2 protein chains.
Amino acid sequence: MLPFPPRIAALPKTIPFVGPERQERDRGAPFAARLGANENPFGPSPKAIAAMAEAARGVWQYGDPENHDLIDALAAHHGVPPSRISVGEGIDSILGTLVRLFVDDGTPVVSSAGAYPTFLYHVRAVGGRPVLVPYRDDHEDPDALIAAAAETGAPLVYLANPDNPMGTFHDAARVAAMVEALPSTALLVLDEAYGEFAPAGALLPDDFAHPRLIRLRTFSKAYAMAGARVGYALTSGEIASSFDLVRNHFGVNRLAQAGALAALDDAPFLAGVLANVAAAKTRIGEIGAAHGLKALPSATNFVALDTGHDGDFSRALVAALAQEGIFARMPFVAPQDRCIRISAGPEAMLDAFAAALARALARLSTSAGA
Amino acid sequence: MLPFPPRIAALPKTIPFVGPERQERDRGAPFAARLGANENPFGPSPKAIAAMAEAARGVWQYGDPENHDLIDALAAHHGVPPSRISVGEGIDSILGTLVRLFVDDGTPVVSSAGAYPTFLYHVRAVGGRPVLVPYRDDHEDPDALIAAAAETGAPLVYLANPDNPMGTFHDAARVAAMVEALPSTALLVLDEAYGEFAPAGALLPDDFAHPRLIRLRTFSKAYAMAGARVGYALTSGEIASSFDLVRNHFGVNRLAQAGALAALDDAPFLAGVLANVAAAKTRIGEIGAAHGLKALPSATNFVALDTGHDGDFSRALVAALAQEGIFARMPFVAPQDRCIRISAGPEAMLDAFAAALARALARLSTSAGA
C-alpha cells in the first residue's frame, strides 16, 4: 500500500489524455491528417525553426530561469511592463501553477461543463472541487460563471475566450463586464490560447489591467509551436511575481525560448498563417456542408461541425474518421457533443479529411442500416 | 488582497534560483566559463543535436504524451519493463509530481540540510514540513534519514547518490540496506542525476526492484542536455502509473524527446564524455591544489574544493570568481560551505578558471589585508 493522501486515492484512474501517437500505434498506421488537437499544421516561422536548430548546440545549458529576453520581447509586443508577464511551459503548466497557488483540498473552482479539461485535471489533483455551469447556446456563460463564483467563494473562475471546444467568443465589452463583476474573493483565469485568431473586438486591450485577472497566451496555436511548450500569463505584477513562489523555475526548454523569441519577431509570417487558417476554416465549412454538417462560426483555428445528431453519433463519426486516417476530436458534454471538431490545416490535409468524411459517413449509414 | 491560502502566504518571498544569465546581466558581461550549475559543457552527442534540429520543423505537433518511444528505448537500455519508467520535464518536474502525489499541507518530508534545494522548494509549495538531518563527514547520512522517516512518518525520504553538492557517494550495498530499512509508510526518492559518472559499485543494479523506491535519472548531466528538460523515474509499475494521475501529460518538449532518444543511442559518445569529465576533474583538483584548495573525491561531474576557510570566505570567493568571469556555486550549509563547487569542462574553460582563481584569491587576500 502506497501512502497516498485521500485526495489522490479518490482521483479517477482513467487518464483523459490520449495522444494521436497512441491511436496510431493502436491502429498500426500513421494518420494522414492530424486535425484533432488544434495544432497548427501550417507550421512555425522558418525563423523559429532556424533559431531552435541553432540553439540545439547550446542545449547543455539550462534555459534562463527568468525567461528574461522572451519576457522583454513580449512586453514590447503587448505594450505592458515586463513585470506583468510570467512565462511557463505552455498554458497547461501555468494552469497547474495557478491551481497550486490558490487551490487546496476541498476548495471550489468554477468552470464550464465541457470546457478545457486540463484545468480541471490540475484542480482535481490537488483535491479542488469543480463547480461547473452549463454552456448557453454553445457559448460559455459569463453571468453563470460569476454567479457560481459568488455563491461558492471560489478563488478561481475559468473562461476561455475564444472558447475551446466550440470556437465561439464573447466580445471584449462582455469580458470586461465580467471582470468588473468578479467577486472580490475570485481571480479570473482568462484562457486566450486562440486569441490571435479572434476577430477585432474580441480581445481586451493588451494593456487592460485588473488586480485579479490572468490572461493566458501561448506559442502553441497561432505560432504553431505546440511541441515547444511555451505559454505566458499577462496579469498583474503581484500575480506574476507570486508565480515565482511555486513555478518550476528552470522548466522552459532552452531551444523553445529561442524559437519563441524568433517567432514573435516574424509578424509577416504570422499574418500569412492567420490568412491560411481563415481560408482553411471556410473550406472545412464547405466540406461539412457538402455532407449535411453545419459549421459553427469560429473565432479560433478549428471548426465545430454540427452533425445534427447526438453525442453517440459524433463519437462514432470520430472513430470512423480515425479508421479512415483522420485524427479528430469532439466536445464531450451534451448538447455540444453533437459536433465534431476539426483543426485548420493545409489543402492536402483537408482533401484527406473531405475524402475520409465521405467514407466515414457512408460507413456509419451502412452500419445504421444493417 | 489576493486569496492565497496560508501555506502560500507563509512561503519565503526570496527565490532560491538565480541563473547565470541574471548574473551576466547584472555584471554587464558574459561569463568566460559557466561552471556553477553542474551543466556539462562537453556538450551533447552530435546525433542528439542533429535529431533536435531535424525535429524542429515538426514542432507544430505536441509531443507524444506517453513518451512511448523514449520509454521503450530506456527500458531496453536498463533492462526493465517499460511500465516501470515514467518520463518527465527534468528531475525537477518529477520531484514536483512526487510531492503532489504524496505531500499535503503539514506533511513531514525528510531530506538532508544542504541537499538539493529544488526538492524542498516543491515540498514547501504544497505546505509540506521539511525534516532535515545533517550531513556526516560530507556524505548524506542514510541511517539518520531513515530514523527521521520512522520518527515522523514522512511519506518521502530524499537521498542523492552520488550527492550534490559534495560529490560524495554511498556504495550500492549501503543504499540497498537503506531501502530495506525504509519504514513501511515511506518511499525513498533516490536522486541519481549524476549516476552515469559514479564509479562501479555505486549504483544499485538497474533492475533492482522495491515497491517504494523511486530512482531519478536525467539527460541533463552526462548527456549534456540540461536545456532540453528530460528526466525519468525508474520505479515500480504502481508508482510509475500513479504519476499519470497528476503529471503534466503533454509537458515534454517534442524536440527534447527526439534528442534524448538519439543521445541514448550514442554510447560511444557518452563514453568519451565520461573520460573527458574524469580528466577535467583531475585538472580541477590540480588547479585547486596549486592554490591551497583541496579537492574532495568526486563521483559526479563536479568537484567540491575545500577552501580551508568558512562559509563567508567561500561566498566571497564565489563572488570574486564571478567578477573574474567564472560562474561557480557552493554548498550553502556549514560545514560543507567551506567548499566551492566547480563543474567539469573543457580545457579552455578550466584555463579561464585557473587564471580567475589566482586573481580572485589575490583580491580576497588584498581585501583581507586592507
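Chain A is assigned two domains: domain 1 covers 6–43 + 268–369, and domain 2 covers 46–266; such bounds come from an automatic or database domain assignment. Please note that this is a predicted model, in which local features need pLDDT of at least 70, side-chain atom pairs count only at pLDDT 80 or more, and totals for chains, interfaces and linings use all residues. Residues are numbered from 1 along each chain as its sequence is written, while chains are lettered from A and ligands numbered from 1 in the order in which they are written.

The centres of domain 1 and domain 2 of chain A, taken over C-alpha atoms, are separated by 24 Å. To their contact, domain 1 of chain A gives 27 residues and domain 2 of chain A gives 30 residues; residues are in contact if their C-beta atoms, placed from the backbone, lie within 7 Å. On the side of domain 1 of chain A that touches domain 2 of chain A, the elements giving two or more residues are helix 11 (267–290) and strand 10 (302–306) of chain A. Helices (H or I, at least four residues) and strands (E, at least two) are DSSP runs, numbered from the N terminus. Helix 11 of chain A provides the largest share of that side, six residues.

I turn now to the two copies.

Finally, some details of the backbone. The peptide bond from B:Asn164 to B:Pro165 is cis, with omega near 20°, and B:Pro165 lies in the loop between strand 5 (156–160) and helix 8 (172–180) of chain B. A cis peptide bond also runs from B:Ala334 to B:Pro335, with omega near 0°; B:Pro335 is in the loop between strand 11 (326–327) and strand 12 (339–343) of chain B.

A:Asp137, a residue other than glycine, has a positive phi near 55°. This residue sits in the loop between strand 4 (129–133) and helix 7 (142–152) of chain A. Is A:Asp137 buried or exposed? A:Asp137 is exposed, with 8 other C-beta atoms within 10 Å; 12 or fewer count as exposed, 20 or more as buried, and numbers in between as partly exposed, with C-beta atoms placed from the backbone.

Key. Two residues are in contact if their C-beta atoms, placed from the backbone, lie within 7 Å.
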